[in-house]
Amino acid sequence: MAPLPNAELVQNSLQLYRYLLRCCKRLPEENIRQHYRHAIRQSFKVHADEDNPERIQQIIKRAIEDADWVMNK
């Protein structure tokens, strides 16, 4: 399963959150979708106080790479 198009347009945390939730909708089984939705929400709670722009860009890049991996799994 290919990742959603326009991943390169994700520039901030809200766009990333929406992108990742859209990716979850494409997963084949409901229990897998629930697991990843929960993981996405938890990750956003953990990183909510991040204010370093370089670190935020690293997190966005890594999250998109991880989403690619999950979608191709």
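Arg 62 is exposed, with a relative accessible area of 51%. That value passes the cut-off, because exposed means over 50%. The model described here is predicted.

Arg 62 forms a salt bridge with Asp 66. The closest N and O atoms of this pair are 3.0 Å apart. Both residues belong to helix α3. They sit 4 residues apart, about one turn of the helix. Asp 66 is partly exposed, at 35% relative accessibility.

Helix α3 itself covers residues 53-72. At 1.5 Å a residue, its 20 residues should span 28 Å. The end C-alpha atoms are 29 Å apart, which agrees with that expectation.

Ile 59, Ile 60, Ala 63, Ile 64, Ala 67, Val 70 and Met 71 are buried. Viewed down the helix axis, the buried residues fall within an arc of 130 degrees, so they line one face of α3. These buried residues pack against α1 (13-25) and α2 (30-46). On the other side of α3, the exposed residues are Glu 54, Lys 61, Arg 62, Trp 69 and Asn 72.

The N-terminal end of α3 is capped by Asn 52. A side-chain oxygen of Asn 52 lies 3.0 Å from the backbone nitrogen of Glu 54.

Side chains of opposite charge can pair when their charged atoms come close. The count for this model comes to 4 salt bridges. Among them is the pair Arg 33 and Glu 30, with N to O at 2.7 Å. These two residues are 3 residues apart in helix α2, so about one helical turn separates them. Arg 33 is buried, with a relative accessible area of 17%. Its value meets the cut-off, because buried means under 20%. Glu 30, at 37% relative accessibility, counts as partly exposed.

Glu 30 also meets the side chain of Arg 37 in a salt bridge, at 3.1 Å from N to O. Arg 37 is partly exposed, at 23% relative accessibility. Through shared partners, salt bridges join Glu 30, Arg 33 and Arg 37 into one network.

In an unreviewed entry, UniProt places the feature "domain: Complex 1 LYR protein" at residues 14-68. Over residues 14-68 the chain is 82% helix and 0% strand. The end C-alpha atoms of that stretch are 18 Å apart.

How values were computed
Residues are numbered from 1 along each chain as its sequence is written. This is a predicted model: local features need pLDDT of at least 70, side-chain atom pairs count only at pLDDT 80 or more; totals for chains, interfaces and linings use all residues. Side-chain values use heavy atoms; hydrogens and water are left out. The expected span of a helix is 1.5 Å times one less than its number of residues. Buried means under 20% relative accessible area, exposed over 50%, partly exposed in between (1.4 Å probe, protein chains only). The arc is that of the directions from the helix axis to the C-beta atoms. Contact means heavy atoms within 4.5 Å. A polar contact is a pair of N or O atoms within 3.5 Å; within protein, one must be able to donate a hydrogen and the other to accept it, and residues adjacent in sequence count only if both atoms are side-chain atoms. UniProt positions are given in the numbering used here, feature names are shortened, and annotations may be inferred rather than shown by experiment.
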